[in-house]
Amino acid sequence: MLTHTTTRVLEPGDLGAALAVLDSEPVANAFVTARVQAAGLDPWRLGGEMWGWYSEGRLRSLCYAGANLVPVCATPEAVRAFADRARRTGRRCSSIVGPAEATAELWRLLEPSWGPARDVRRHQPLMVAERPSADVAPDPLVRRVRKDEMDVIMPACVAMFIEEVGVSPMAGDGGLLYQARVAELVASGRSFARVEDGKVVFKAEIGAATSKACQIQGVWVAPEHRGRGLSETGMAAVLRYALADVAPVVSLYVNDYNTPARAAYRRVGFREVGAFMSVLF
């Protein structure tokens, strides 16, 4: 019987307790929940460790430690415990991302040993929608990307990634992991695009997906087509697909300085319900 507080790496037998924590905030936790539902808690399948923080014998908070470090339902005391463990193991992740308050405190504790970061995005509004847009008609030309269109969608995905993150996803391993992720989304029917003359004009993906919530990511309009409202009509189309086929709540998070995107998402029917924070290395 665990008493007081403790932190440890969770094991497959802890799956039920971990899912109970994740289920307490289905929108904010969609990314980690989707991974755990698909892979369980075995580190080899999960792609990282799941740290659990216990108080009086009960699992209260989690932290996913893989390619990203993600605090989940993390209390201030849990954040301190996760920071201590992260310092001992050393930085293995390419980013820290999660609810803004917990992530900010985690980064404050880790920055002296892990810093400097390449970029810190302290306030990224978390937005949700539960119904199709009543004001913006979905673009009828936005559709699911076919499995034989990887050569069409990949250049757009790479361009979006470089524009958003500031580095190429093709570096390091030659882009093998990134291409595999894009292929996975295409194969699962969660990659959407408007294609004209063999080139992507608009694209977006439904990344994390659970039965309760899903998350749109990778929204991109080709530079030469910007200013035509394609992000709005395209997002209205993807939102309709997501609500009909994936989950009853659709979310996304966006950089606070991206005023045009935030306005476009609001017009499509998204509203702000919280904030994320990202630290990029």
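Analyst: In this predicted model, a search of the whole structure finds zero disulfides. Two cysteines illustrate the result. For cysteine 93, the closest cysteine sulfur belongs to cysteine 63, at a distance of 8.9 Å. A disulfide requires the two sulfur atoms to be within 2.5 Å, so the sulfur of cysteine 93 is too far from that of cysteine 63 for a bond. Cysteine 157 is likewise in no disulfide, and the nearest cysteine sulfur, in cysteine 214, lies 17 Å away.

Are these two residues buried or exposed? Cysteine 93 has a relative accessibility of 5% and therefore counts as buried, since the term applies under 20%. Cysteine 157, at 1% relative accessibility, also counts as buried.

The helices come next. Two packed helices are described by the angle between their axes and the distance between the axes. Helix H1 covers residues 15-23 and helix H2 covers residues 30-39. Their axes come within 10 Å and cross at roughly 155°. Because angles over 145 degrees count as roughly antiparallel, H1 is described as roughly antiparallel to H2. The crossing of H1 past H2 is left-handed.

Which residues meet where H1 and H2 are in contact? From H1 come Leu15, Leu19 and Leu22, and these meet Val32, Thr33, Val36 and Gln37 of H2. Of the residues in this contact, five are nonpolar and two are polar, while no charged residue takes part.

Definitions and conventions
Residues numbered from 1 in each chain as written. Predicted model: local features only at pLDDT ≥ 70, side-chain atom pairs only at ≥ 80, totals over all residues. Heavy atoms only, no water. Buried < 20%, exposed > 50% of the residue type's maximum accessible area, 1.4 Å probe, protein only. Axes fitted to C-alpha atoms, helices over the stretch in contact; angles between N-to-C directions. Helix = DSSP H or I, 4+ residues; strand = E, 2+ residues; numbered from the N terminus. Parallel < 35°, antiparallel > 145°, perpendicular 65-115°, else oblique. Left-handed = near helix turned anticlockwise from the far one by under 90°. Contact = heavy atoms within 4.5 Å. Nonpolar A, V, L, I, M, F, W, Y, C, P; charged D, E, K, R; others polar.
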